[in-house]
Structure formats: C-alpha cells, structure tokens
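Biologist: I would like to learn how to read a model like this one. Please take me through it feature by feature.

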Amino acid sequence: MSDVQVLQTALAAEHAAVYVLGALGGRTSQSADPELFEAISAAFAAHRVRRDELTTAITDLDAEPVAAEAAYDVPSGLERAQRIARVARETEQSCATTYSWLVANTVDEMRRWAIKALNETAVRVLTLRGTPEMFPGAGEYADR
Amino acid sequence: MSACGVARSPAPLSADDPDGSLVDEVVARITATAALAARVPDLVAMHTAHLDALEAAPPVPGAAPLPQLRRSEQQLQRFLADAAMAAESGGLARLLASMSAAVTQHLVVL
C-alpha cells in the first residue's frame, strides 16, 4: 500500500468519525448533560482538525483527498445519554485502531502524527466515561 | 465502514530482529517502572500485560511514593512513544505506540 493509500484510508475513517460525532453532539443535551456535551464537542473538534491535517498531507503528496460520503451509519437508540456516550466511546476506540494501523504503516513525521493521535484519542475515551485499557488501538494483545 | 474504522489485520512482529536491542531496552524500562507501582494494582497489571506482549518475564513490583511513580510513568510514556518512532518493524511500532497510549490513559486516572 502506498503512502497516499495509507493516508486516504485514515482520512476516510476521519470523515466517518466527524460525521458520527456531529450526529451524537446533535442528540446530546447541553443543559442536561453538560459534561458529555463538552466531551463530544471536544472530540468532534479534534477529529475535524485531524481530518484537515490528513487532507493537507495528501494534497502535499499531489493526490486528491478522498471525499466524505454523503452519509454514514449512525447507531439507533440514542435517546439516553449513556447510549450516546457508548457510541462516542466506540467511535474513539475505532479511531485508535485506525491510528495504530497508521503507526505500523508509516515512518518519520507521519508516524509521529499517528502516535500523538493515538495517545490523544485514548484520553478522549476516558472523557466519554471509558476506563483505561491495556492496549488502546491494539486490543488483540489483550486477548492473548 | 464504521466510524473511523476499517477492517485490517495487524502487521506481525518481525522474527528476525533488527529491533532486538530496542525490545531489550523497552523491557528493562517497563520492568524498572513496574518496580515502583505496587500500590496501584491496575498499573502493575498493565505493565505485566505489556511485558507479556514482548514475551518478557513479569515484573517484581515494589512501592514508591505517588509523585515518584507518576514521574516514572510519564518518563516511560515518552520513552515508549520514542521507541515506537525508532522501531524498524511496523508491527512493533504499533505495539509500542499502543503501550504509550495505555500509560497515558493510566496517568490520567492516577
């Protein structure tokens, strides 16, 4: 897989994360659940930054960044804050898997970017009512 | 595609090993840090799991004051992130980056 293909895969994943987190933010009550609203808003903003950074990196390689799809699947049953937090947490954990894959498939500055992104998304899991993991983004090691 | 997710399999750790000395150093650093963590069972469990993933012996936990433990964990987190940068094997880099993220998480709740 070429450098461009690797980055395109990560960008496609970021597009999906931005969409889902935006949808979750729209379902979260700022007055009833201010902490969750803040956590989801922060996650949404962080992934928009990551998306834009990947877009720039791909453009710098003289390639056309993959566009976002018109819509992505958003899980149902989002009436309760607990469920919203869980979906947001699962989105971050999925991103952690993407970033760890990016670490394995890049070198130099792009690998550094992925390591930083992995660490930051791991912290966001905690802000979304998660608990520390043994291997964020590489859960198969925990199952050995 | 799920949010931020694609189907993938991990890159395997390399058997013939240009990263051998790096792994030895990582094992030594984790073992030394774990030797301060006995008062925090979750940290001991994390370090033990990390050493197991590197096929190394479990640590012998001792105890240290919390500020010293926190400093040591912060240093380990940075070391693991740097080691992930230095790894020749993509699979090892991924594992070390994941370990650095795990330490980051545990530091948040320490």
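Biologist: What should I know before starting?

Modeller: This is a predicted model, in which local features need pLDDT of at least 70, side-chain atom pairs count only at pLDDT 80 or more, and totals for chains, interfaces and linings use all residues. Residues are numbered from 1 along each chain as its sequence is written, while chains are lettered from A and ligands numbered from 1 in the order in which they are written.

Biologist: Which scores does the model have?

Modeller: The model scores ipTM 0.95 and pTM 0.92. Chain B has a mean pLDDT of 90, with 85% of its residues at 70 or more.

Biologist: Where in chain B does pLDDT stay under 50?

Modeller: Over residues 6-12. The model has 15 contacts beyond four places in sequence for that stretch. Two residues are in contact if their C-beta atoms, placed from the backbone, lie within 7 Å.

Biologist: How do I read the secondary structure?

Modeller: Helices (H or I, at least four residues) and strands (E, at least two) are DSSP runs, numbered from the N terminus. Chain A has 4 helices and 0 strands, in the order α-α-α-α. Chain B also comes to 4 helices and 0 strands, and its elements run α-α-α-α from the N terminus.

Biologist: How does the radius of gyration of chain A agree with that of a compact globule?

Modeller: The radius is taken over C-alpha atoms, and the globule rule is 2.2 Å times the number of residues to the power 0.38. For 144 residues the rule gives a value near 15 Å; chain A has 15 Å, so the two agree. Along the principal axes, its C-alpha atoms fill a box of roughly 45 × 40 × 20 Å.

Biologist: What share of the residues in chain A is buried?

Modeller: Count C-beta atoms, placed from the backbone: a residue is buried with 20 or more others within 10 Å of its own, exposed with 12 or fewer, and partly exposed in between. In chain A, 48% of the 144 residues are buried. In chain B, 39% of the 110 residues are.

Biologist: And contact range?

Modeller: Take the contacts between residues at least 6 apart in sequence. In chain A, 71% of these join residues at least 24 apart. For chain B, 67% of the contacts with a separation of 6 or more are between residues 24 or more positions apart.

Biologist: Tell me about α3(A) itself.

Modeller: α3(A) has 24 residues, of which 19 are buried. From first C-alpha to last, α3(A) reaches 35 Å, close to the 34 Å expected at 1.5 Å a residue. The expected span is 1.5 Å times one less than the number of residues.

Biologist: Which residues touch the most other members of the largest nonpolar core?

Modeller: A nonpolar core is a set of buried Ala, Val, Leu, Ile, Met, Phe, Trp, Tyr and Cys residues joined through C-beta atoms within 7 Å. The largest has 67 residues, and A:Ala88, A:Val103, A:Leu118, B:Ala84, B:Leu96 and B:Ala97 touch the most other members. α1(A) gives the most to this core, with 13 residues. Not counting residues up to four places away in sequence, B:Ala97 touches A:Ser100, A:Val103, A:Ile115, A:Leu118, B:Ala81 and B:Ala84.

Biologist: How should I read phi?

Modeller: Most residues other than glycine have a negative phi. A:Asp108 has a positive phi of about 55 degrees although it is not a glycine. A:Asp108 lies in helix α4 of chain A. A:Arg129, in the segment after α4 of chain A, has a positive phi near 70 degrees.

Biologist: Why does A:Asp108 count as exposed, and A:Arg129 as partly exposed?

Modeller: A:Asp108 counts as exposed because it has 8 C-beta neighbours inside 10 Å. A:Arg129 has 15, so it counts as partly exposed.

How values were computed: pLDDT is the predictor's confidence in each residue, from 0 to 100.
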